[in-house]
Amino acid sequence: MRWGAVGLLWLCLPSVVEACVVRYFQTEARYAYRTAVLQLLLEKTADEGPCAPQPVFAGVTQDRGLALLQEGRVDVATLPTTMERERALRAVRFDILAGLLGYRVLLIDQHQLPAFARVTTLAELRHFSLGFGSQWVDLPLLQANGFDVVSAPHYESLFGMLVRGRFDAFPRGLNEAWLELKEQQARFPTLTVEPTLALYYPWPVYFFVARDNTALAERLQRGLQRALTDGSLKALFLQYHSSLLRQVQLDKRRLFRLNNPGLPPGTPVPDTHWWLSPH
């Protein structure tokens, strides 16, 4: 009788739901905020089942990571959008960086500070060569805007190339430049962030999943809607970026606007009101 009761009780207990994982390959420190957003959106949709981000394939190039995404060996990536990417993958069309990545400052070697301080026009800035990742999709954008660009396949190698004079400046997002300076300055003590100039081009960052992974795309979209409604996404953005934005002093820099010919038609204009005061 006692064993029968135990058996009946076991049958009545809810089955344990195995948590799913969402695999991602962008594991460097510069992607910490994007991973935190992914975690937040999965938590906001926990009623659909427990799910957690899981890093995989650390250290792969972006092209390799995107191939893994299309093969189904990775589930999600956060990427600036292009027409090609929106054809090949499924985009969740909300800029999780609120326009921030489109604003760029320049990492340079300290001996170049006087030369950059004399720049007053975009034409003068084009006299300097830029370094960039050969697999980064905004490389053609810089070239289309008239810059001489020296490219390399490996992100880490660009800092050494810069201080050795292979090019004059390395454009970095506001959310990247000071973090990278902190990481790289022990190896390259003459590295610095140029203090007077900035670039801007439209460059929204979306979550991308494989074309047939509608379930994850829709879950992320629902998570975004909930996190926007309750203010938790804005709070997370400011947690990661508010001290940085005070440091950047964008309103005191000379801003040069570039065109982005690779944007898909109908790309929404990022809402920058979280962080950027109207000029």
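Me: How are α2 and α10 oriented to each other in this predicted model, roughly parallel or roughly perpendicular?
Reply: Take the angle between α2 and α10, which is about 90 degrees. Angles of 65 to 115 degrees count as roughly perpendicular. The two helices, α2 and α10, are therefore roughly perpendicular.

Me: How far apart are the axes of α2 and α10?
Reply: Helix α2 covers residues 32–44, and helix α10 covers residues 214–229. They pack with their axes apart by 8 Å.

Me: How many residues of the contact of α2 with α10 are nonpolar?
Reply: On the α2 side, L38, L40, L41, L42 and K44 make the contact. On the α10 side, the residues are R219, L220, G223, L224, R226 and A227. The contact holds 3 charged residues and 1 polar one. The nonpolar count is 7.

Me: Which residue of β2 is the bridge partner of V22?
Reply: Strand β1 (residues 20–24) and strand β2 (residues 51–55) run parallel, joined by 5 bridges. The bridge partner of V22 in β2 is P53.

Me: What is the handedness of the β-α-β crossover from β1 to β2?
Reply: The chain leaves β1, passes through α2 and reaches β2. This crossover is right-handed.

Me: How many residues apart are E48 and R222?
Reply: Side chains of opposite charge can pair when their charged atoms come close. The side chains of E48 and R222 form a salt bridge, with N to O at 2.8 Å. E48 sits in the loop between α2 and β2, while R222 is in helix α10. The pair links distant parts of the chain, and the separation in residues is 174.

Technical notes. Residues are numbered from 1 along each chain as its sequence is written. This is a predicted model: local features need pLDDT of at least 70, side-chain atom pairs count only at pLDDT 80 or more; totals for chains, interfaces and linings use all residues. Side-chain values use heavy atoms; hydrogens and water are left out. Axes are lines fitted to C-alpha atoms, for helices over the stretch in contact, and angles run from 0 to 180 degrees between N-to-C directions. Helices (H or I, at least four residues) and strands (E, at least two) are DSSP runs, numbered from the N terminus. Angles under 35 degrees count as roughly parallel, over 145 as roughly antiparallel, 65 to 115 as roughly perpendicular and the rest as oblique. Contact means heavy atoms within 4.5 Å. Ala, Val, Leu, Ile, Met, Phe, Trp, Tyr, Cys and Pro count as nonpolar, Asp, Glu, Lys and Arg as charged, and the others, Gly among them, as polar. Two strands pair if DSSP finds at least two bridges between them. A crossover is right-handed if, with the strands pointing away from the viewer, the path from the first strand over the helix to the second runs clockwise. A salt bridge is a side-chain nitrogen of Lys or Arg within 4 Å of a carboxyl oxygen of Asp or Glu.
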